Amino acid sequence: MISQVFILSSKGDRLVYKDFRGDVGSDAVGLFYDKVTAPTGDRLPVVTTYKDVHFVHVWQGGLYLVATTTTADSPPFAIIEFLNRLAALINDYCGSLSEKTVQMNFALIYELLDEMLDFGYVQSTSCDVLKNFIQTEALSSRPFSLFDLANVGLFGADTQQSKVAPGSAAARPMQGGKSEIFVDVVERMSVVMGANGVLMKAEVEGEVKVKCFLPSCSEIRVGLNEDLSIGTSPLRGRTTRCSLSKIKVAKKFPPFLGYGAAVRVDECHFHPAVRLDDFDAHRVLRFGPGQGEQSVMTYRLADHLPLAPPFRLFPAIEKDNAGRLLMFFKLRCDLPPKSAAVDVSATVRVPKGCVSLSQELSSPDQSAELRPQHRAVVWNIARFPGGTQLSALFKLDVPALSSASMMEVGPVDLTFELPKVTASGLRVRFLRLAPAQHRGPAQRWVRYVTRSDSYAIRI
Amino acid sequence: MPYLGNDDTVKDLKRVLSNPHVQSDQLRYRNAILKVIRIMSQGVDVSSLFSEMVKACATVDIVQKKLVYVFLCSYASLNPELSLLVINTLRKDCQDPNPMVRSLALRNMTNLRLPSLMEYVEQPLTAGLRDRAACVRRVAVLGWAKLHKLQPNSEIDGAVVNELYSLLRDPDPVVMVNCLRALEEILKEEGGVAINKPIAHHLLNRLKECDVWGQSEVLKILQRYQPHSEDELFDILSLLDASLVSPHTPVMAATLSLFLSLCSTLPAVSLAALERVRGPLLAACGSASREIRFTVLCHIQLLLRSVPGLMGAHYKRFFCGYAEPAYIKQRKMQVLVELVNDDNVAMLLDELKEYCTDVNTDTAQAAISAIGRIGRSYSDRCLVILTGLLGLKQENITSAVVQTMRDLVWVSPQCSDTVCNALEGCEEILHDSQGKQALLWLLGTYGDKVFSAPYTLEAFIDGVRCETSSAVKMELLTATLRLFLCRPAETQDMLGRLLHYGIEEETDMCVRDQALLYYRLLQCGVDETRKVVQGRRSDPSLGVLIGRPAEPVSQWAHIFNTLTPLCQITSETELVNSSFQHTSYQPNSDLSDAMNACQLQSIEESVGEHTQSPSDILVTSTIVPLSLLPTLTPAEFEHLWIQGITHTEKEQDGVCMIEHVQCHNVTHSSSQSFQAAMQLVNIQTLAFTPINVLPWRVYLYTHTEAPPCSTLILGELLYTGNANEEEDAFEHTKGYHDANIIVVGEQIERKANHEEDVTLEGKNKSDLTKDNGQVAKLKVTLKQKPRDDKALRGFLSILTTVLHTLSPEGE
């Protein structure tokens, strides 16, 4: 059972504080913050204990969501999942989870907490139940931006661009929205690649998330690739596509990437509410919509990815006559030519004691900087189209450069986002709502994105 | 406090709240109240607004009501009288046709936490239990638990308890779970809610209706249920099978916990459950929430204690991500160390090597010591990596590597040559005291193998005045003295200087005392010094008992899915990287050795005095110097032991001796304390059965160094527990070894007062069973080569003394 729940900003301001059982004093907040700021140099471990009070915290969106409990045999999984759920609910109700939104919507959050927990016991965390009780309206904190106007056409007509789901669409509070449904296929990639380009580890964790703001809808059907195979079961023969899908997708659907083999995942788990009657035959997920975001299916794929890893690095590192360290990198993006990676950032670990950096980058939209406190050179590439190659030459001044220092260079860690690409090849074939929406067409969005979890290249 | 003008703000708000114009405008009124709550949650004291807020409570606006309740519940205990005013409003709300209003009122009525209001609350609560709306019943059920918590000493109302039990059959699953929770709290004194067969099966059948939280709660409470038959047990297990692989970690963990407690007598089923849960656990390892990832890692560590091979093939899942926080990385490395096997060791070390240069020094250090741990089984590969890291010449890395090497050498002495070669030049890079201590220990212990050791020590001695850490100085003293013993010519001068400094100039008492001790020791002669200072070079216990034996599941099942595994960070890292223990006691170990040697002498003398029977052999035997060197490997030991049995009769150079020693039950003393006690007197234990296992056996060996010759003694201690059996065994061996000299041991009559002391020491241990206090009869079989009766008896007397001084575990 949970004694208190409080939310602290990263600076230690108390944003929300609710006591459920009255067995821990309100000075617990101060105690916790003392522990956070204690100069251990590292992030606070998930559970800390002071006397007989246990603090369990989750760090999300720059906020500490903390639960205290006095019983050491409380289940940690349940408490942490609860805090995560609280964060997700705040995100759903307020549009985003940040210090600002929490400050603006604290009344709503008190109301949420009041309904979610009673006497420290979790009562309900499902959006469907909670929405009956929550009365306060969320205040959205979207700043005014000229970009919002860009989508408005002449005389308010929709421009072509408005067919594209705005990036902020998903970050809209769930109340008072239009009738919209978002299906997001989000994949996280973690790769370890040897210096010679050999894959040492490749793993993809994927999730099909549905965010639904439909007032009247009894069933959603999501069709996945028909040739999807799970585990090592024999590949299914391809069946002809029997139905034309009427999906409005985010941007034009890129021509289906030419995966030779069938799409495969190693293991997958479904939300308990998903009915899998049609899954074996047609790979269709059927489920009743819930308000807010829910993860319908999670899956995992390891070692044998259908596509080559998206980036290859060709490094050359040497010492020049002036005692500087020269690092020459060629970075190749192996995505299909029509897609591109965005927000690519390569972090190269450099020897201790680097003083300055001079750089030669192959195109002007790149940038690089030296971060001495992290011992790293960060190379940022805003947009990196598939099939192209970029190069960079970094000259580093290291006062005490020895041959041993060369060993300290690397690995290179890449962070990136691949919009419209799934590393596993999973696609949403169709998205149908039943019964057909009669009050105006519902907006249906299907989006794909692959993000890097950890993409390390050895040197 | 965030604002300076708090008082003004509160006064302003008070004015606004009491302004009738504001009160009539719903929106403005609500905004004012919002402001109050906002500054309240920032930690400002707004208790002076209590009466205004009480007034604001009487409204039809539910949002406003909720806000006011948040306020009231926080401050009610400060204003019990004024709170009475709220009760009327609340009781009226309890009659409201809207169930939401009813539940809200009921919940906050019980949240006020005022004992004086109890009498007003009970009636609405009783009504609430029978309310039509489930949400009101949910609140009412927990309301009773809250009332009980307010007045824990009040009598439990049997009618309410019965009503709560009957509400377990409520159609609403949350009401059912809340009933369990409430009963659990109300009946805490009686051990919580009673789970009989019908209730258990009812709960199991309705498990599916509950949400994640309810399920994990029910599963936890079901741990208390004991199925009546095996069939029933397996019915329950198959019913729970689906939840065992649930994608929701709380449910999965709670189910596994239940499985383990149900199958505590069926280890095979528990192991099957652990196998089954592997998939979901690994999936949770890749969870997007790093807190969940961390929690899963901690629990996987528990699992690996019993099933070390569980995750071996999935080691790649535990590779660290670049951006992961250090606490996850360190946990992952701890798991990786456990997973190492012949197939993955190359990949694993390659990965760990990458972490050694991590920007976070703690992570780098953890990676280096993880490699050291793997080095215990794969020393060659690891030493290559470790020596390579020294080439980086970075302070923190070098320090960690030297410490790791010291720990490694301590456990596997065969690495010492490589390590000694690598030490050259490290002293210039080391600046922290931990690293210096490790280097000094290595130089002192293996000074004969490191050519430059005297020069390195000289540099340290020259700089000793600038050294701030007394631990380093003490280590330096020991190292120099040890080096002096093996390389006197080169070291004599600097030792003199160091001792002079230590005695004359040093202000730290510990250092000064140690210098004095060493000085006086040297005055006694080099041989005496050698006896005291020449410490062990390795920890032989670990070299023999390769690999940790798999623990039974029951060792950790009770802490599974609790906060305990997550809190054990400090203790576990200490276990993993034993450098902490090392450095803290290493410098003193020689001292304590010396002390104990003195103590032992006095003990033996006193034993001799006590047992002054003329026939006693012990008195006649003088103290035999024992030594651990040269070390015996288990294989050699086994060979000699078997050889001893078969050949001693023919070759008259060896001897076998069987002896019975009475002492209190040493089988209960922990293996560590036993081993430590034996090592104090330079007896090496090679292998032993776990405590409390019968028959209990220990194999040990030592060398006697009585001039003119030294002998090797091998020994076996056997305790069968049953006196009759032991006699049989004894007869048997007697017959078998007829030709050997069999000394039937003197029954050492223990003085009654001595025994009393022991029981007094153990009196506060309630779990000290009778068995522990009893005198056990140990059969001691000794084999010696070459034969030297005097030395053998001397050894036996020492052994007996040690066995007597050993006390049962827990003291």
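Aromatic pairs over all chains come to 23 in this predicted model. Rings of Phe, Tyr and Trp (its six-membered ring) pair if their centres lie within 6.5 Å; planes under 30 degrees apart are stacked, over 60 edge-to-face, the rest tilted. A:Phe82 and B:Trp213 are edge-to-face, because their ring centres lie 6.2 Å apart and their planes stand at 80 degrees. This pair joins two chains, because A:Phe82 sits in helix H2 (residues 76–94) of chain A and B:Trp213 in helix H13 (residues 212–222) of chain B. Helices (H or I, at least four residues) and strands (E, at least two) are DSSP runs, numbered from the N terminus. Both A:Phe82 and B:Trp213 are buried. Buried means under 20% relative accessible area, exposed over 50%, partly exposed in between (1.4 Å probe, protein chains only).

B:Phe71 and B:Tyr75 form a tilted pair, because their centres are 5.0 Å apart and their planes at 45 degrees. Both lie in helix H5 (residues 62–75) of chain B, four residues apart, about one turn of the helix. An α-helix has 3.6 residues a turn, so residues three or four places apart point the same way. Both B:Phe71 and B:Tyr75 are buried. In chain A, ring pairs link A:Phe6, A:Tyr17, A:Phe32, A:Phe55, A:Trp59 and A:Tyr64 into a cluster.

Residues are numbered from 1 along each chain as its sequence is written, and chains are lettered from A and ligands numbered from 1 in the order in which they are written. Local features of this predicted model need pLDDT of at least 70, side-chain atom pairs count only at pLDDT 80 or more, and totals for chains, interfaces and linings use all residues, while side-chain values use heavy atoms, with hydrogens and water left out.

A charge sits over a ring if NZ of Lys or CZ of Arg is within 6 Å of the ring centre and within 35 degrees of the ring normal.

| Charge | Ring | Distance from ring centre |
|---|---|---|
| A:Arg283 | A:Phe279 | 4.7 Å |
| A:Arg427 | A:Tyr448 | 4.0 Å |

H13(B) is mostly covered, with nine of its eleven residues buried. Among them are B:Trp213, B:Val218 and B:Leu222. The cover includes H2 and strand E7 (121–122) of chain A, together with helices H11 (173–186), H12 (197–206), H14 (230–244) and H15 (249–262) of chain B.

Another helix pair also crosses between the chains. Helix H4 (residues 106–116) of chain A packs on helix H3 (residues 26–41) of chain B at an angle of about 75 degrees, with axes 10 Å apart. Axes are lines fitted to C-alpha atoms, for helices over the stretch in contact, and angles run from 0 to 180 degrees between N-to-C directions. H4(A) is therefore roughly perpendicular to H3(B) (65 to 115 degrees; under 35 is roughly parallel, over 145 roughly antiparallel, the rest oblique). A:Phe106, A:Ala107 and A:Tyr110 meet B:Leu34, B:Ile37, B:Arg38 and B:Ser41. Contact means heavy atoms within 4.5 Å.

Two loop residues in chain A have positive phi. Phi of A:Lys51 is near 50 degrees. A:Lys51 lies between strands E3 (47–50) and E4 (53–60) and is exposed, at 70% relative accessibility. Phi of A:Arg375 is near 55 degrees. A:Arg375 lies between strands E20 (366–371) and E21 (376–385) and is buried, at 12%.

Chain A has eight helices and 25 strands. Of its 459 residues, 53% are buried.
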